[in-house]
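The sequence and structure come first.

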Amino acid sequence: GQAERTINARAEAQHLAPSRPPPPPLPEGWQAVWNEEHKTYYYWHVPTNETSWEQPAAKEAELHSTRQTSKENLIARVQGETRLRQAAATALLEDSGWDADAALKNHSRMVEAANRRKEEEEFARRREEERRRA
């Protein structure tokens with residue numbers, strides 16, 4: 001009767017289910033991806049697009065998370081001191097090897113250079129106006 005149908009349905013479901021173990025628990029940012037050819041999981045770190053056959057260790061993930069938090073703090077510092085947008089602050093830090101002091105110095109140099117160019121252009125414009133009047 002009913003019990004026999006339930007047992008048959010379970011057996012059929014098990015037969016149709018893929019023959020793979022459930023994925024292991026993984027640190028944040030990682031996904032287990034089944035490889036049918038090798039009948040095992042490989043691991044994909046979504047933020048960096050890196051893949052590995054070795055299951056990522058929680059410690060490695062904690063280290064990555066700490067690095068990410070540090071980078072976020074550096075970005076916030078540079079944004080606060082320069083008023084740059086997040087993408088610009090991130091690019092400035094990347095170009096400065098994630099050294100906030102170096103990034104801030106580089107930003108100051110760029111601002112000074114831009115201001116010099118503006119002053120030089122204004123001086124040249126005034127000189128040209130004076131030349132035309134003369």
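Ala100 touches Leu74, Arg77, Val78 and Leu93, leaving aside residues up to four places away in sequence; contact means heavy atoms within 4.5 Å. The model is predicted, so local features need pLDDT of at least 70 and side-chain atom pairs count only at pLDDT 80 or more, while totals for chains, interfaces and linings use all residues. Residues are numbered from 1 along each chain as its sequence is written, and side-chain values use heavy atoms, with hydrogens and water left out.

Ala100 belongs to the largest nonpolar core, eight residues in all, together with Ile75, Val78, Ala89, Leu92, Leu93, Ala103 and Leu104. Such a core is a set of buried Ala, Val, Leu, Ile, Met, Phe, Trp, Tyr and Cys residues joined through side-chain atoms within 4.5 Å. Helix H2 (58-82), helix H3 (86-95) and H4 each supply at least two residues of this core. Helices are DSSP runs (H or I, at least four residues), numbered from the N terminus.

Leu104 lies in helix H4 (residues 100-133). Its contacts, again without residues up to four places away in sequence, are Arg77, Val78, Glu81 and Thr82.

Buried means under 20% relative accessible area, exposed over 50%, partly exposed in between (1.4 Å probe, protein chains only).

| Residue | Relative accessible area | Class |
|---|---|---|
| Leu104 | 13% | buried |
| Trp34 | 14% | buried |
| Tyr41 | 8% | buried |
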